[in-house]
Amino acid sequence: MSNKTTINEIYENAPLEEVVFEVRFPGEPSVACNIDKFFETIRIKFNQVLVTIKAPDQLQIPELYRFESEDSKQGIIVGINKVAYFTKKYPGFKIFKDEALDVIQSFGKLFKLDKLNRTGLRYINIIPFTREETILPIRNYLNIEVNLPLISSSKFNSLNMAFVSKANEEGNITTQIRTILSQDKTREAILLDFDYSKDANLVINKVNNYLEESHGYTKELFENIITDEYKKFMRGEMV
Amino acid sequence: MNTSIIENYNADLADRLASTPLHYQCSGLSAVTTMDNIGGNWAYRPAPIFTIPVDARKLLMKKPISVKVSREDDLFFAENETLRLYGSGSTHLEAIEDFCKHLMYFFEHYKNTPDSKLMGESLKLKELYKDLFLEE
């Protein structure tokens, strides 16, 4: 990691679209039978009930339900081996942590969870960009460099990369960086998606620590991957 | 630049990602899906301009210029209210290119117009335009 100082800033024009904290545990069929009891604990805030439909060829264990707030900006996803809290209007880490832990701990208590398989904190950013002639000016936005013989990231037209890497001794980071197109195909953006995960020796009563650790790493990653130039725009220092 | 060219870039990438040579299979991570229902509101956010192409050079901005692009029927409009500047085109990119041409026009205009010939808002705009670029 870079030696740049971690900066705790709230940005006026943050590109953050969604934040998800997910916990996976050994399959627990009682979740399917008692989901109504969990719903009773969250009904006031998350009263929209949605059922996820997966394509027949998808091998993942399906999510059972998605409970959303009325404005669909926050919600909870539940399956027999996972529970996740997501928000599309990130209120800052402290409030997000309180809300996420409230959900996870309440769920964990109801279904008597103990050991966990994985925790993951995921930030999904969308950065609209303007092409410079045909070139994707990636280095105006992100501090990434790809240099192959005769090929450089300063000449990319499009980009799609995804990788999983060891973050530190404790966790892994799954990163996706790619160009995306709006539905009406008129606007382009860079999707910057990273997910810090832990998958060894996890227990439910330490989930607070896991979330703090995940946030610390992803925050520093974000601050270092965004260029100083784009940070000016994020801070509102623009014409 | 035609947006179908951009679609072609993305289609080429998708094609490469979807295909694996016969007798092989993808190992580890082959695709990372995001939350399925991220909304499309990002498409209405302004995007910054950091450089302006002029002849064979690129002029660097001191601060990014925020450009909001909207669409009305078949026309796209790129605008920045602070600079009182607009561009239009039949595609998003053409509107941005038009915007940049107007930006350079007014930059040169204010550079070459003495203060004595300007008043009120024009003087304020001249100050804004004067301070746009890091170097010429």
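Colleague: Glu188(A) and Arg131(A): buried or exposed?

Modeller: Both residues, Glu188(A) and Arg131(A), are buried. Keep in mind that this is a predicted model. The two form a salt bridge, with the closest N and O atoms 2.6 Å apart.

Colleague: Where do Glu188(A) and Arg131(A) lie?

Modeller: Glu188(A) is in strand β12 of chain A, and Arg131(A) is in the loop between β7 and β8 (147-148) of chain A. They are 57 residues apart in sequence, so the pair ties those parts together.

Colleague: And how far apart are N and O in the salt bridge of Arg118(A) and Glu22(A)?

Modeller: That salt bridge has an N to O distance of 3.5 Å. It links distant parts of the chain: Arg118(A) sits in strand β7 of chain A and Glu22(A) in strand β1 of chain A, 96 residues apart. Arg118(A) is buried, and Glu22(A) is buried too.

Colleague: Which residues are linked with them in a network of salt bridges?

Modeller: The network links Glu22(A), Arg24(A), Lys82(A), Arg118(A) and Asp195(A).

Colleague: What about Arg235(A), which residue does it form a salt bridge with?

Modeller: Its partner is Glu237(A), and their closest N and O atoms are 2.9 Å apart. Arg235(A) has a relative accessible area of 31%, so it is partly exposed. Glu237(A) has 34% relative accessibility, so it also counts as partly exposed.

Colleague: New topic. What is the strand order in the open sheet of nine strands in chain A?

Modeller: The order is β2-β3-β4-β5-β1-β7-β12-β11-β10 in chain A, with antiparallel pairing. The edges are β2 (48-50) and β10 (160-166) of chain A, each pairing on one side only. Neighbouring strands are turned by 15° against each other on average, direction ignored.

Colleague: Over how many bridges do β11 and β12 of chain A pair?

Modeller: Strand β11 (residues 172-181) and strand β12 (residues 188-198) of chain A pair over 10 bridges, in the antiparallel sense. For example, Asn172(A) has Ser197(A) in β12(A) as its bridge partner.

Colleague: Which strands does helix α2 of chain A touch?

Modeller: Helix α2 (residues 35-42) of chain A packs on the sheet and touches β2, β3 (63-68) and β4 (74-79) of chain A. Its direction makes about 15° with that of β3(A).

Colleague: And which strands does helix α3 of chain A lie across?

Modeller: Helix α3 (residues 93-110) of chain A lies across β1 (16-24), β4, β5 (82-87) and β7 (118-128) of chain A. It runs at about 155° to β5(A).

Colleague: On to chain B. What is the order of the four strands in its open sheet?

Modeller: The order is β1-β2-β3-β4 in chain B, and the pairing is antiparallel. β1 and β4 (85-89) of chain B each have a single partner strand, so one side of each is left without a neighbour in the sheet. The twist averages 40° from one strand to the next.

Colleague: How many bridges join β1 and β2 of chain B?

Modeller: Seven bridges join strand β1 (residues 47-54) to strand β2 (residues 57-72) of chain B, and the strands run antiparallel. Val54(B) stands opposite Arg57(B) in β2(B). The two strands form a hairpin with two residues between them, and Asp55(B) in the turn has a positive phi of about 55°.

Colleague: Which residue takes a positive phi in the hairpin of β2(B) and β3(B)?

Modeller: Asp73(B) does, with phi near 55°, and that hairpin has two residues between the strands. β2(B) pairs with strand β3 (residues 75-80) of chain B over five bridges, in the antiparallel sense. Val69(B) has Ala78(B) in β3(B) as its bridge partner.

Colleague: Last one. At roughly what angle do the axes of α2 and α3 of chain B cross?

Modeller: Helix α2 (residues 92-112) and helix α3 (residues 121-130) of chain B cross at roughly 110°, and their axes come within 9 Å. That makes α2(B) roughly perpendicular to α3(B). Residues in the contact include Leu103(B) and Phe106(B) of α2(B), and Leu125(B) and Tyr129(B) of α3(B). By class, the contact of α2(B) with α3(B) has six nonpolar, one polar and one charged residues.

Conventions: Residues are numbered from 1 along each chain as its sequence is written. Chains are lettered from A and ligands numbered from 1 in the order in which they are written. This is a predicted model: local features need pLDDT of at least 70, side-chain atom pairs count only at pLDDT 80 or more; totals for chains, interfaces and linings use all residues. Side-chain values use heavy atoms; hydrogens and water are left out. Two strands pair if DSSP finds at least two bridges between them. Axes are lines fitted to C-alpha atoms, for helices over the stretch in contact, and angles run from 0 to 180 degrees between N-to-C directions. Contact means heavy atoms within 4.5 Å. A salt bridge is a side-chain nitrogen of Lys or Arg within 4 Å of a carboxyl oxygen of Asp or Glu. Buried means under 20% relative accessible area, exposed over 50%, partly exposed in between (1.4 Å probe, protein chains only). Angles under 35 degrees count as roughly parallel, over 145 as roughly antiparallel, 65 to 115 as roughly perpendicular and the rest as oblique. Ala, Val, Leu, Ile, Met, Phe, Trp, Tyr, Cys and Pro count as nonpolar, Asp, Glu, Lys and Arg as charged, and the others, Gly among them, as polar.
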